Amino acid sequence: MKLLGKITAEAERVRINIKHIDACVALFNPNAKPPTTYHDGFIPRHTAPKGHLKRFIVTQLREASDPLSARQIADAWVIDQMIEGDADTLRVLRKRIGISINTIKKDGLVVEAGMDGVCKLWELKEGGL
């Protein structure tokens, strides 16, 4: 009876270890060390140093003759950073730019300037910069 309990416990331990790949490797080679990998998540190609996007948005709004939408600023960012402007990238950029614009709006630098269809238009606040 004791032997059956030991075998059952060992079989359960092996079954659990197979679920975990590092433990599975250790079953076959107890001296093996799993490789340590550095994983910093998925860093998109459109990331920018802290504050760079905000400066870019303010510069675009300053140089524009008409109010701009987040999509227009995203298109300019794609050209400036020389990245692919596929639909997914532009969607992410438009959202990030919208968040940055709201932050700049809270700082009192930009104001809404109406709508262009479904897109809000933004311009620098008079006397803001």
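Guide: What follows goes from the overall fold to single residues.

Guide: This is a predicted model, in which local features need pLDDT of at least 70 and side-chain atom pairs count only at pLDDT 80 or more, while totals for chains, interfaces and linings use all residues. Residues are numbered from 1 along each chain as its sequence is written, and side-chain values use heavy atoms, with hydrogens and water left out.

Visitor: How many helices and strands does the protein chain have?
Guide: Helices (H or I, at least four residues) and strands (E, at least two) are DSSP runs, numbered from the N terminus. The protein chain has 5 helices and 2 strands, in the order α-α-α-α-α-β-β from the N terminus on.

Visitor: What share of the residues of the protein chain counts as buried?
Guide: Buried means under 20% relative accessible area, exposed over 50%, and partly exposed in between (1.4 Å probe, protein chains only). Of the 129 residues, 22% count as buried. Accessible areas come from the Shrake-Rupley method with a 1.4 Å probe, and for residues only the protein chains shown count as cover. The protein chain exposes about 9800 Å², with carbon and sulfur atoms supplying 58% of that area.

Visitor: Which residues of helix 3 are buried?
Guide: An α-helix has 3.6 residues a turn, so residues three or four places apart point the same way. In helix 3 the buried residues are Leu53, Phe56, Ile57, Val58, Gln60 and Leu61. Contact means heavy atoms within 4.5 Å. The cover over these buried residues includes helix 4, helix 5, strand 1 (110–116) and strand 2 (119–124). Helix 3 has 12 residues and reaches 16 Å from its first C-alpha to its last, close to the 16 Å expected at 1.5 Å a residue; the expected span is 1.5 Å times one less than the number of residues.

Visitor: Which members of the largest nonpolar core touch the most other members?
Guide: In soluble globular proteins, nonpolar side chains tend to be buried together. A nonpolar core is a set of buried Ala, Val, Leu, Ile, Met, Phe, Trp, Tyr and Cys residues joined through side-chain atoms within 4.5 Å. Here the largest has 21 residues, and Ile57, Leu61, Ile73, Ile97, Ile101 and Val110 touch the most other members. Helix 3, helix 4, helix 5 and strand 2 each supply at least two residues of this core. Beyond its neighbours within four places in sequence, Ile97 is in contact with Leu53, Ile57, Ala70, Ile73 and Ala74.

Visitor: How many aromatic pairs does the structure hold?
Guide: Rings of Phe, Tyr and Trp (its six-membered ring) pair if their centres lie within 6.5 Å; planes under 30 degrees apart count as stacked, over 60 as edge-to-face and the rest as tilted. The structure holds 1 aromatic pair. Phe56 and Trp77 form it edge-to-face, 5.0 Å centre to centre with 80° between the planes. The pair links distant parts of the chain, with Phe56 in helix 3 (residues 52–63) and Trp77 in helix 4 (residues 70–81), 21 residues apart. Trp77 is buried because its relative accessible area is 1%, and Phe56 counts as buried because its value is 9%.

Visitor: Is Gly85 buried or partly exposed?
Guide: Gly85 counts as partly exposed because its relative accessibility is 42%. Gly85 lies in the loop between helix 4 and helix 5.
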